[in-house]
Amino acid sequence: MKKQYIIPIFVPHLGCPNDCIFCNQKSISGQKNEMTKEKADKIIKNYLKSMNKEDAQIEIAFFGGSFTAIPEEKQEELLQVAYQYVKNGDVESIRVSTRPDAISKPILRRLKKYGVKTIELGVQSANDYILKRINRGHTFADVKKASKMIRWNGFRLGHQMMVGLPESTRLDEINTAKQLIKLKPKMVRIYPTLVIKNTKLEKDYEEGTYKPLSIVQTVEICKDLVRMFADKNIDVIRVGLQTTDEISDPNNEKSEVVAGPFHPALRQLVESAMWYDAIVGKIKKLNVKVKEVEVTVNPIDANNVIGHKKENVLKLKDTYDVDLVLKQDKKVKQGKSKIEVTKTYTD
Ligand code: SF4
């Protein structure tokens with residue numbers, strides 16, 4: 001199978017007509033200046049130089065602001081640069097991320113003309129009250145309409161949702177996942193809400209009207225969401241924001257994060273918690289006092305079974321007095337496992 005690479009090009013806030021209360025796009029993208037065709041070309045060239053193009057599936061991704069809401073000439077300028085690399089065969093496709101209310105037939109026609117294959121929509125929540133509370137500027141009806149248009153026009157659809165938004169409950173987040181599943185995305189990203197400097201959310205946080213989720217709460221809800229999407233074969237391509245100088249531990253000097261469940265390995269925490277649940281579920285089903293359990297997984301899953309800083313091993317010992325023995329076997333499919341009780345206290 002070909003290895004997938006993404007060349008990310010961040011197009012900051014300039015396109016967005018909105019001001020979501022959690023967003024300071026300039027901090028998120030780690031880039032305060034406008035993106036130009038020259039800069040985009042340089043980024044692509046530099047990435048290509050560092051990649052082994054043999055057996056690689058390379059995609060250029062315009063992330064950051066709302067790509068299809070930036071001025072048309074700017075979209076054309078950036079897409080033309082990226083499309084050169086699709087035409088010469090160096091790059092396989094292009095993806096953009098945007099707002100649901102910045103999708104229309106002419107926009108989709110333009111994206112198609114330049115070889116865009118994937119469109120990711122920032123959804124955040126399916127609850128219109130929450131969308132209004134965060135000043136999102138669109139409703140969930142816009143998400144439905146845009147998602148259908150994207151699929152019907154032959155693009156791969158992606159969704160981005162958030163957990164821990166102001167006044168959002170666990171039920172809202174589960175419901176958002178259910179609503180998204182109905183719209184048949186190929187992939188989703190799940191982001192925790194972080195309090196970023198110079199945003200309305202920072203004010204709310206300081207005034208005590210917004211309380212962010214803890215890391216444990218974030219892991220608990222993300223675990224359920226990942227499971228729901230995985231059950232429907234929807235790829236969860238990211239859990240948590242990418243760590244950059246600005247999006248990093250609030251104690252770092254350069255960090256723009258004031259508070260919230262930032263963790264550099266949030267995805268691993270979530271996956272490990274899922275493995276822990278699977279192992280404990282197996283143990284609880286048996287009518288014996290388990291002393292040792294042997295878990296065989298694909299090497300790719302090994303770290304997640306052990307857990308971040310061996311958390312699963314320690315928790316199993318502390319809570320159930322069970323020793324976890326890990327075995328790796330390439331023949332076991334990724335995400336699958338053989339869980340066997342190898343010692344009981346009656347042995
Ligand atoms: S729509 Fe996106 S870019 Fe615009 S303010 Fe909201 S989160 Fe930021």
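What follows is a set of labels, each checked against its cut-off.

Trainee: What kind of model is this?
Mentor: It is a predicted model. The chain is divided into domain 1 (3-190 + 235-244) and domain 2 (277-344). The C-alpha centres of these two domains lie 37 Å apart.

Trainee: Which residues does Ile7 touch?
Mentor: Not counting residues up to four places away in sequence, Ile7 touches Ile43, Ile44, Tyr47, Ile58, Ile60 and Ala61. Take Ile60 from that list: Ile7 and Ile60 are 53 residues apart in sequence, and their C-alpha atoms are 4.7 Å apart in space.

Trainee: What makes Ile6 partly exposed?
Mentor: Ile6 has 14 other C-beta atoms within 10 Å. Buried needs 20 or more and exposed needs 12 or fewer, so Ile6 is partly exposed. Ile6 is also in strand 1 (residues 3-11). Leaving aside neighbours within four places in sequence, Ile6 is in contact with Glu59 and Ala61.

Trainee: Where do the nonpolar residues gather?
Mentor: The largest nonpolar core has 86 residues. Those with the most contacts inside this core include Ile9, Ile60, Ala82, Ile119 and Val270. Helix 10 (residues 266-285) gives the core its largest share, 8 residues. Domain 1 and domain 2 each supply at least three residues to this core. In soluble globular proteins, nonpolar side chains tend to be buried together.

Trainee: What is Ile119 in contact with?
Mentor: Apart from neighbours within four places in sequence, Ile119 is in contact with Val96, Thr98, Leu111, Ile150, Phe155, Leu157 and Gly158.

Trainee: What makes helix 9 and helix 10 perpendicular?
Mentor: The axes of helix 9 (residues 215-231) and helix 10 cross at roughly 70 degrees and come within 9 Å. The range for roughly perpendicular is 65 to 115, so helix 9 is roughly perpendicular to helix 10. Among the residues that meet are Cys222 and Val226 in helix 9 and Leu269 and Val270 in helix 10.

Trainee: And why are helix 7 and helix 9 called roughly parallel?
Mentor: Their axes come within 10 Å and cross at roughly 15 degrees. The limit is under 35 degrees, so helix 7 and helix 9 are roughly parallel to each other. Helix 7 passes helix 9 in a right-handed crossing. The meeting residues include Glu173 and Ile174 in helix 7 and Ile221 and Leu225 in helix 9.

Trainee: Why is Glu173 called buried?
Mentor: Glu173 has 24 other C-beta atoms within 10 Å. The cut-off is 20 or more, so Glu173 is buried. Setting aside neighbours within four places in sequence, Glu173 is in contact with Val163, Ser168, Ile221 and Leu225.

Trainee: Which value of phi does Glu167 have?
Mentor: Most residues other than glycine have a negative phi. Glu167 is not a glycine, yet its phi is positive, about 65 degrees. Glu167 sits in the loop between strand 5 (156-163) and helix 7 (170-182). With 13 C-beta neighbours inside 10 Å, Glu167 counts as partly exposed.

Trainee: What makes Lys309 exposed?
Mentor: Lys309 has 10 C-beta neighbours inside 10 Å. Exposed means 12 or fewer, so Lys309 counts as exposed. Lys309 is in the loop between helix 11 (302-306) and helix 12 (311-320), and its phi is positive, near 50 degrees.

Note on methods
Residues numbered from 1 in each chain as written. Predicted model: local features only at pLDDT ≥ 70, side-chain atom pairs only at ≥ 80, totals over all residues. Core = buried A, V, L, I, M, F, W, Y, C linked by C-beta atoms within 7 Å. Helix = DSSP H or I, 4+ residues; strand = E, 2+ residues; numbered from the N terminus. Domains from an automatic or database assignment. Contact = placed C-beta atoms within 7 Å. Axes fitted to C-alpha atoms, helices over the stretch in contact; angles between N-to-C directions. Parallel < 35°, antiparallel > 145°, perpendicular 65-115°, else oblique. Left-handed = near helix turned anticlockwise from the far one by under 90°.
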